[in-house]
Amino acid sequence: GEDALSIPSVLNQPDLAGPQGAMLDVFSTLGRLIPEGSSQRESARKLLLMAGYRWPSAVSMFLGIKFASAFTLGVAGAWASLTFSDGGAASLASLCGLGFGFLLPDRVLERVASARGDRMRRGLPAALDLLVLAVEAGQSVDAGILETSRGLRVAFPDLAAEFVQLNLE
């Protein structure tokens with residue numbers, strides 16, 4: 001049998017090469033500029049955990065994406081204002097772009113976390129059935145958790161990944 005730990009999931013940090021890996025490094029570096037004790041870092045960590053992103057640099061990457069999107073949309077707003085109007089509204093357009101770019105990643109992450117929670121709730125009855133069957137068959141709870149994660153791997157990969165994480169902890 002195939003080991004449950006080989007589930008392709010968000011438990012492990014992606015190992016990307018080329019431009020994608022370089023962008024993740026840039027975002028991670030940007031995010032590390034945020035002070036460690038900030039409340040923004042803690043709220044991002046909670047949201048990322050709910051969305052299933054557990055790797056150590058996920059918070060730094062997310063904060064880097066947040067600040068990069070704010071900067072990009074702020075510059076785009078100023079450019080659009082200067083290009084298509086008299087330029088007096090450039091600072092307002094830039095400020096609006098900054099705010100929108102800063103808040104957009106949070107909203108996207110909230111939707112991802114909500115969708116993941118819904119998928120996990122749908123898989124919970126099947127998971128409980130598999131876990132009860134494994135324990136009634138005489139397996140230990142740890143072995144039952146691993147067997148349940150194997151059984152859920154195809155239909156409910158998010159829940160299977162959570163069972164693997166539970167077993168690891």
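**Stop 1: S60**

Select S60. Leaving aside neighbours within four places in sequence, S60 is in contact with F27, S28, G31, R32 and R41. Contact means heavy atoms within 4.5 Å. S60 sits in helix α3, residues 58–84. Helices (H or I, at least four residues) and strands (E, at least two) are DSSP runs, numbered from the N terminus. Is S60 buried or exposed? S60 counts as buried because its relative accessibility is 9%. The cut-offs: buried is under 20% relative accessible area, exposed is over 50%, and partly exposed is in between, using a 1.4 Å probe and protein chains only.

**Before you go on**

This is a predicted model: local features need pLDDT of at least 70, side-chain atom pairs count only at pLDDT 80 or more, and totals for chains, interfaces and linings use all residues. Residues are numbered from 1 along each chain as its sequence is written, and side-chain values use heavy atoms, with hydrogens and water left out.

**Stop 2: the whole chain**

Zoom out and colour by pLDDT, the predictor's confidence in each residue, from 0 to 100. The chain average is 84, and 86% of the residues score at least 70. Now select residues 1–11. Here pLDDT stays under 50, and the model has 23 contacts beyond four places in sequence for this stretch. Where pLDDT is low, the predicted coordinates should not be read in detail.

Switch to a cartoon view. How many helices and strands does the chain have? There are six helices and zero strands. From the N terminus, the elements run α-α-α-α-α-α. Of the 169 residues in the chain, 36% are buried. Among contacts with a separation of 6 or more, 67% join residues 24 or more positions apart.

**Stop 3**

Two packed helices are described by the angle between their axes and the distance between the axes. Axes are lines fitted to C-alpha atoms, for helices over the stretch in contact, and angles run from 0 to 180 degrees between N-to-C directions.

Select helix α2, residues 39–51, together with α3. They pack at an angle of about 110 degrees, with axes 9 Å apart. So α2 and α3 are roughly perpendicular to each other. Angles under 35 degrees count as roughly parallel, over 145 as roughly antiparallel, 65 to 115 as roughly perpendicular, and the rest as oblique. Which residues make the contact? From α2 come Q40, R41, A44, R45 and L48. From α3 come A58, V59, S60, F62, L63, K66 and F67. S60, from the opening stop, is one of them. By class, the contact residues are seven nonpolar, two polar and three charged. Ala, Val, Leu, Ile, Met, Phe, Trp, Tyr, Cys and Pro count as nonpolar, Asp, Glu, Lys and Arg as charged, and the others, Gly among them, as polar.

**Stop 3**

**Stop 3**

Select A113, in helix α4. With 6% relative accessibility, A113 counts as buried. Beyond neighbours within four places in sequence, A113 touches L47, M50 and A51. Draw a C-alpha to C-alpha distance from A113 to L47: 6.9 Å in space, across 66 residues in sequence.

Next, D129, also placed in helix α4. D129 is exposed, with a relative accessible area of 52%. Its C-alpha atom is 8.8 Å from that of T148, which is 19 residues away along the chain.

**Stop 4: α5 against α6**

T148 belongs to α5. Select helix α5 (residues 141–152) and helix α6 (residues 157–168). They pack at about 160 degrees, with axes 8 Å apart. That makes α5 roughly antiparallel to α6. On the α5 side, show D142, I145, L146, T148, S149 and L152. They meet P157, L159, A160, F163, V164, L166 and N167 in α6. This contact divides into nine nonpolar, three polar and one charged residue.
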